[in-house]
Amino acid sequence: MIKIEINGQMVKAHEGDMLIDVADDAHIAIPRFCYHKKLSIAANCRMCLVEVEGAPKALPACATPVTDGMKVQTKSVKAVAAQKSVMEFLLINHPLDCPICDQGGECELQDVAMQYGDDVSRFSEAKRVVADKNIGALIHTDMTRCIHCTRCVRFGQEIGGIMELGATGRSEWMEIGTYIEQSVISEMSGNMIDLCPVGALTSKPYRYSARPWELKSHHGISPHDSIGSNIIIHAKGNDVKRVVPADKESINEVWLSDRDRFAYEGINSEDRLTAPMIKENGKWRQVDWETALQFSADKLKHYAATPEMMGVLASPTATLEELYLLQKIARGLGVNNLDTRLRQQDFSLDSHGFVKPELKHSFAEVEKLDATLLVGSYLRHELPMLNHRLRKAQLAGKIVSSINTEKFEINYEINNEVVADDLLAELQLVVDALEKPESNNIDKVYKKIASSLSTAGKSSIMLGQISLMDVNFTKILKLTSDIARLSGAVLNVLPISANDVGAYMVNFLPEKGKNIQQMLTTQMKAFVNLSLEAESDITDGKLAIEAMRKAEFVLNFSLFDSEIQREYADVLLPIASFAETAGTFVNAMGTKQSFKMAVEPQGDSKAAWKVFRVLGNMLDLEGFDYTHSNQVFAEVLENNIETKNELVLEKIDIKIDKKKSIKNKTPLISIYEVDSITRRATALKTASKAVSETIIVTAPVQEVG
Amino acid sequence: MFDALQGWLSGYIFDWLAILITLLVQAIVVIMPLMLAVAYLTLAERKVIGFMQIRMGPNRVGTLGLLQPIADALKLMNKEIILPSQSNLYLFILAPTLAIAPAIAAWAVIPFNADGVVVSDINAGVLYVLAVSSIGVYGIIISGWASNSKYAFLGAMRASAQKISYEIAMGFALVTVLMVADSMNLTEIVNAQKGGMLNWLWVPLLPMFVVYFISGLAETNRAPFDVAEGESEIVAGFHVEYSGMAFAVFFLAEYAMMILISFMTAIMFMGGWLSPFEGIPLLEDMFAWVSGFIWLVLKVSFLLFLFLWFRATFPRYRYDQVMRLGWKVLIPVTIVWVFVVMIMEYFKFGPWFN
Amino acid sequence: MLAFLKHQFKTFTLLELLKGMVITGKYFLKKKITVRYPEEKTPISPRFRGHHALRRYEGGEERCIACKLCEAVCPANAITIEFEQRDDGSRRTTQYDIDMFKCIYCGFCEESCPTDAIVETRVFEYEFHERGPSIMTKDKLLDFGDKHESQIAEDRAVDAKYR
């Protein structure tokens with residue numbers, strides 16, 4: 001600890017800290033553009049010049065380490081003169097188009113210019129003009145506004161992992177751009193919009209749709225992956241206008257993946273179902289809620305006579321409260337056919353118990369994992385923020401290995417990478433390498449993976465979506481658990497959707513009932529679906545649609561209206577999206593994050609938990625007298641079903657079939673098509689075309705010979 | 001004059017009917033011009049106050065705004081009379097009646113000219129006027145009570161306290177007049193002042209003249225003693241709940257009382273219908289043709305102008321100051337002056353006491 | 001003692017009151033300053049804040065760029081603006097309403113406008129009898145601006161050096 005003096009105020013600091021950090025901690029404001037606490041120091045904007053006693057010239061606070069007894073003046077004549085001069089230079093070429101700039105009102109340059117800028121410019125020559133670049137569907141550019149802070153460039157290099165933007169030319173001719181015409185497509189590129197201190201990079205979907213002072217901020221939790229990124233929903237009136245990240249160091253730091261940032265467009269989609277509808281004699285009719293619910297309740301009562309013939313499916317993007325109430329209704333009716341594992345194909349473990357999807361490390365711990373093995377996971381697209389943490393770890397010298405079905409583009413170097421069609425065989429080799437480290441038959445790479453896991457202080461195995469969707473999931477699980485046991489690594493079955501963990505928590509599982517596969521293959525009489533698009537959300541969409549068509553009664557709680565839904569469903573009840581309801585998401589680490597309603601539900605749609613409450617009462621079930629979603633949440637916590645029979649893989653005898661399975665090419669879910677909302681976000685749709693990916697996973701096994 | 005009418009009528013019809021018709025004619029002859037005078041007094045007030053504020057006052061309705069009072073009357077007649085649901089309806093309607101009746105009744109004994117141009121030339125005229133005009137306070141108290149409104153009630157309380165206080169000073173001032181004139185008959189009081197301007201009673205009774213006029217201001221609730229209305233404090237005082245014609249009746253009563261007080265002052269202290277040039281050799285002859293009634297009207301007009309002038313000049317008294325002025329200044333002054341008059345009477349002082 | 005006597009003299013002769021009456025009396029006789037409005041009119045400053053108008057550039061392009069500063073600064077919340085990107089990529093209003101009943105004619109909108117698009121003209125002789133027409137829409141405001149453009153431009157020119 002050393003002591004320095006800023007503006008006559010004694011401040012404690014660590015030796016080597018940058019002056020600007022020390023000043024920030026002491027709440028002494030120093031203007032800056034290029035400095036950002038999460039990025040490297042560039043010291044090229046010179047806005048943070050301060051006077052340091054003994055130094056002949058003003059020094060940049062962002063690049064000046066503190067020393068004991070240092071005396072700093074941020075408001076002295078010399079410092080202010082330096083800052084004002086820098087400001088004047090910056091404003092020479094900055095256009096005066098604040099009135100039409102989307103950044104106007106939340107612009108760092110604007111704010112600082114209010115303090116340090118002059119009323120009148122002394123620059124009477126022609127201003128510089130830079131051609132705008134088309135860098136894709138997400139980010140709009142106005143490059144004339146750029147002040148060359150290079151935050152976006154450094155973001156690409158340091159955080160995004162892909163240097164998508166760079167600077168060409170020098171001085172007056174310096175330009176930020178992609179050099180060759182191409183789109184910015186990294187899964188976190190949207191953060192450049194936040195980073196840009198001026199209006200050079202702005203959000204394209206948000207362009208010219210609101211001004212910052214009209215927006216009301218609402219805290220929210222992103223529902224598109226199991227990270228549970230904290231977001232701020234900006235709404236104008238009752239319209240969600242944009243989503244920006246909230247600072248949450250333990251979860252998403254200051255970043256947000258593009259999926260979480262731009263998916264809000266889906267909420268305002270024209271496809272939204274806005275009124276309850278029922279199908280009578282093959283014709284759809286709009287009805288009021290009373291009628292629709294009464295109709296549904298009567299039908300449900302009717303089919304509850306044969307509870308084993310009724311299936312209840314829910315998307316794991318539903319909130320904890322919704323899942324809890326729906327399972328309460330189902331169990332109240334005697335229905336045990338509940339499932340949210342829409343993507344899974346191998347359920348052979350169900351008779352023993354249920355796999356708890358969980359990340360057993362906190363995100364901060366992930367950064368410190370000495371060795372990590374990714375099994376069947378395109379982590380960068382599945383959980384971008386977790387990938388970002390892992391990238392940090394790898395860059396810090398930790399070891400990341402992967403066993404995948406395809407070589408994915410990962411924005412860091414995978415130390416030991418195995419690409420093979422048959423995950424089982426590869427995993428078996430790792431097991432062998434662990435069991436017989438001296439054996440010469442085993443390829444070097446497996447030995448490396450094995451040794452990295454077993455020698456590291458902290459190591460982890462993460463099973464991604466490709467494993468989860470694999471028809472041999474059980475066997476993969478068995479082999480990875482063997483690896484974990486032998487190497488001392490922690491085995492994580494990564495939850496992918498926002499509430500995979502929540503669904504497990506509230507026991508939305510086919511305990512004593514049929515799982516999704518059984519439901520779809522046996523002839524069910526009735527289905528209840530919660531925010532589910534069967535054709536896309538379920539791995540075998542065709543089978544699902546077929547099963548729904550055959551069912552006598554299908555009740556859909558849905559955000560959106562669609563042709564295919566109208567074909568198979570009998571009742572469509574419009575429910576509220578994540579911005580329109582209160583609820584809770586349990587993220588991968590098990591952190592329960594509640595959020596409140598940001599805007600009113602669109603049209604006549606209602607928050608699903610309220611619908612379930614009324615439906616519960618209509619079905620004459622006990623305990624549906626909630627007045628607030630908090631009460632539901634409290635009840636969930638009270639009846640915490642964590643103690644259900646935990647699956648102990650070691651005790652289960654799983655035969656590893658040595659036979660190779662035949663590969664079928666099935667497209668993996670695209671990064672921007674994970675749920676019904678993202679599928680309807682137009683900007684993301686355009687962006688995903690640029691990403692264009694067809695990833696191969698193993699398809700249903702067909703035994704040969 | 002009216003006796004002749006009555007005599008002529010009784011030649012054709014029953015006596016009692018003749019008397020009744022005569023009375024009616026008398027009432028109409030007095031009340032109609034009075035109401036007209038009231039109407040134009042409101043215009044005059046707005047004009048005078050406007051002029052004193054370098055404005056023009058109403059000038060839109062008719063030439064110089066001369067039709068303004070008629071437009072106002074039509075407006076008030078067309079407006080709804082709102083009856084507050086929580087009020088005492090019977091008293092609420094009775095109150096304006098009680099206010100206007102005395103203001104009109106008092107005119108019965110006011111002489112307009114020599115030779116008995118008066119509705120009823122009774123001996124106790126002064127007493128009658130005092131008695132009748134005092135009844136007016138009931139109208140105000142009842143309106144304040146019946147309105148069931150705090151403002152109205154406060155206004156009524158203030159008005160009644162004020163009226164009672166100033167009546168004493170007023171009465172004492174009149175006592176001195178009676179002492180000098182030796183009569184309570186208004187015609188005789190005027191006749192007692194014959195013999196030129198200096199023979200009028202304002203000269204020996206100057207302080208009483210002032211006290212009487214000030215009390216008159218207070219009696220009529222005029223500025224600067226309009227604490228009963230006090231729009232800046234209690235909105236409009238006792239008549240805050242009244243609208244339309246009901247409000248207009250209060251309005252009429254107030255202005256009728258103003259004119260009455262002016263008449264009384266002119267009669268008591270300024271020689272009534274007597275010419276001011278009496279006894280001045282040349283001028284007396286020059287103005288001999290001017291009727292006594294004209295002189296009276298001129299005097300009254302001047303006094304009314306004073307009413308308006310005061311209103312344009314002086315700010316409103318605070319309520320406690322009003323009471324202090326009445327009880328601690330005016331009443332002692334009048335009592336002292338009663339004794340002064342007594343002494344002057346004893347020594348037969350000047351032309352007035354003989 | 002003398003002061004006491006002086007005070008009593010002043011009080012009982014009502015001197016101060018008479019002084020006051022002399023003053024009002026003088027005013028009574030003075031020339032009146034009333035302006036007989038419809039026949040006579042007071043001179044109007046070029047800065048007069050009357051009826052609003054939206055202006056155009058000489059080429060006919062509307063000046064308003066939908067920056068919404070006037071909406072933000074309006075203390076009476078009288079202005080409502082909706083905007084979007086026009087086909088040529090420029091930022092334009094789709095709706096520009098001023099509720100003339102809410103407006104307090106403070107002139108902040110005019111002051112905040114970066115393009116001199118919204119202005120308050122000299123025109124103050126207009127009236128509304130019901131709620132609907134009191135809302136001046138974009139079309140109405142533009143028409144109004146077109147009608148009075150010469151006067152508006154002249155007024156801005158006169159005042160230009162003080163802005």
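Modeller: Start with buried area: the accessible area (1.4 Å probe) that two parts lose on being put together, summed over both. Between chain C and chain B that area is about 1,500 Å². This is a predicted model: local features need pLDDT of at least 70, side-chain atom pairs need 80 or more, and totals for chains, interfaces and linings use all residues. Residues are numbered from 1 along each chain as written, chains are lettered from A in the order written, and side-chain values use heavy atoms, without hydrogens and water.

Biologist: What makes up the area buried between chain C and chain B?

Modeller: Carbon and sulfur atoms give 75% of it. In chain C, the residues losing the most area to chain B are C:Met21, C:Phe28 and C:Lys32, together 40% of what that side buries.

Biologist: How do you know that chain A and chain B do not touch?

Modeller: Contact means heavy atoms within 4.5 Å. The nearest C-alpha atoms of chain A and chain B are 42 Å apart, and the two chains do not touch. Two pairs of chains do touch, and chains B and C have the most contacts. Each of them, chain C and chain B, puts 17 residues into their contact.

Biologist: Why is the meeting of B:Arg60 and C:Glu39 called a salt bridge?

Modeller: The rule asks for a side-chain nitrogen of Lys or Arg within 4 Å of a carboxyl oxygen of Asp or Glu. The side chains of B:Arg60 and C:Glu39 meet at 3.2 Å, N to O, so the pair qualifies. The rule finds one salt bridge across the interface of chain C and chain B.
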